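Me: I want to learn to read a model like this one. Could we go through it feature by feature?

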Amino acid sequence: MSGMIHSAQWIPVSATQLAAWHGRRVGSTLRLDGPCPACHHTVEAVIQLTGSAFEGGGVPTAGPSARTVALTCACGREHPGQPGEPPRGCGRTWTVASVTDAAGDVVLRPADDPYLAEAAEAWRTARTDDLTRLRAGAEKWTAGIASLLGLLGVLGVGSEADRIAGLTDEGQTAVVLLITVVVVLGGFAVVQGYRAAYGWPQTRVVTSDQDLISWYSSQGALPSATAARLRSAVIAAGTALIAVTAATVVPWLLPSVNPPSPVVKVELTDRSVMCGTLLSSSAVGRVSVRRADSGDVQTVSLNTVVRLFPVEKC
Ligand SMILES: [Zn+2]
Ligand SMILES: [Zn+2]
């Protein structure tokens with residue numbers, strides 16, 4: 001039968017054909033070997049019971065169990081019409097019910113539930129490119145995390161820091177609240193958007209038919225969950241945009257408190273003393289004081305100052 005033509009199709013399998021099969025449960029894999037029901041070449045199969053992928057909820061059950069498994073011929077022999085990519089074989093796929101006992105020995109019998117057969121086939125094809133998809137998804141998520149961190153830039157609000165510092169306590173509280181809203185909603189929008197686009201990375205253990213069904217039905221529920229996530233991402237992003245606009249504008253609308261100018265006493269080299277409020281001087285090397293006694297502004301060169309110190313009042 002070695003010249004059998006390659007054909008990618010599902011074939012039914014009988015108890016007699018499965019009688020020559022052996023299996024062991026090793027860690028999180030099922031290792032099965034036996035003759036292909038079509039080409040009769042020996043096939044060795046390693047079935048992953050764990051899958052790391054994006055999406056698919058449900059809780060796995062523990063212990064010895066029955067699990068429907070989809071197998072494909074990977075006899076490694078030449079079959080005319082074989083495609084270039086693995087597995088090399090006659091192309092047939094079939095479904096078996098595997099029962100693992102407490103000692104880890106696996107017995108195979110024909111699978112009779114079409115829904116489970118479909119779910120098992122979906123699990124098999126989903127496993128083949130787990131790593132590629134995870135890496136591609138991880139790349140996208142890295143960009144998502146970067147934009148999440150970019151949101152923290154809002155916390156600086158850079159040039160407005162002085163203006164915010166000059167606000168009343170109520171004004172500062174309002175600005176802090178707005179910035180919190182921006183960061184929380186912005187972060188939520190980014191995460192939900194990325195979940196909708198690229199899924200959520202998860203590792204699943206599917207050891208029983210019950211696990212398989214819950215995994216398969218969660219795959220079916222993905223479209224509506226994705227739509228809900230995208231919707232909430234857009235709403236959150238819109239609200240965050242309003243909040244960031246408000247956080248930018250509000251500091252300029254709210255009144256600021258003018259801090260009292262410091263009162264200083266200045267002793268000069270000619271033994272005279274001036275006392276008053278220190279003014280900000282534009283001239284380098286000079287100091288200006290509005291005298292408390294006369295109200296005049298007196299400007300002196302710094303090299304005539306012996307001592308300058310703050311006082312409560314003059
Ligand atoms: Zn073969
Ligand atoms: Zn085969």
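Reply: Start with Arg271, in the loop between E10 and strand E11 (273-279). Helices (H or I, at least four residues) and strands (E, at least two) are DSSP runs, numbered from the N terminus. This is a predicted model: local features need pLDDT of at least 70, side-chain atom pairs count only at pLDDT 80 or more, and totals for chains, interfaces and linings use all residues. Residues are numbered from 1 along each chain as written, chains are lettered from A and ligands numbered from 1 in the order written, and side-chain values use heavy atoms, without hydrogens and water.

Me: What is the phi of Arg271?

Reply: Positive, about 70 degrees, although Arg271 is not a glycine. Arg271 is exposed, at 76% relative accessibility. Buried means under 20% relative accessible area, exposed over 50%, partly exposed in between (1.4 Å probe, protein chains only). His40 also has a positive phi, near 70 degrees. His40 sits in the loop between strand E3 (29-35) and strand E4 (42-48). At 49%, His40 is partly exposed.

Me: Which residues are the protein donors of the zinc ion (ligand 2)?

Reply: Donors are N, O and S atoms within 2.8 Å of the metal (3.2 Å for Na, K and Ca); water is not among the atoms, so sites may look incomplete. Here they are the SG atoms of Cys36, Cys39, Cys73 and Cys90, 2.2 to 2.4 Å from the zinc ion (ligand 2). Cys39 also bridges to the zinc ion (ligand 1); the two ions lie 3.8 Å apart.

Me: Why is the arrangement around the zinc ion (ligand 2) tetrahedral?

Reply: Four donors count as tetrahedral if all angles lie between 85 and 135 degrees. Around the zinc ion (ligand 2) the angles are 105 to 120 degrees, so the arrangement is tetrahedral. Cys73 and Cys90 both lie in the loop between strand E6 (66-72) and strand E7 (92-100), so the pair ties together parts 17 residues apart in sequence. Cys73 is buried, at 1%. Cys90 is buried too, at 0%.

Me: Where is Pro87?

Reply: In the loop between E6 and E7. The peptide bond from Pro86 to Pro87 is cis, with omega near 0 degrees.

Me: What is the strand order in the open sheet of five strands?

Reply: Strands of a sheet pair through backbone hydrogen bonds, either parallel or antiparallel. Two strands pair if DSSP finds at least two bridges between them. The order here is E13-E12-E11-E10-E14, with antiparallel pairing. Strand E13 (297-301) and strand E14 (305-310) are the edges, each pairing on one side only. Strand E10 (residues 263-268) pairs with E14 over five bridges. Val266 has Leu308 in E14 as its bridge partner.

Notes: Tetrahedral: all angles 85-135°; square planar, octahedral: opposite > 155°, others 65-115°.
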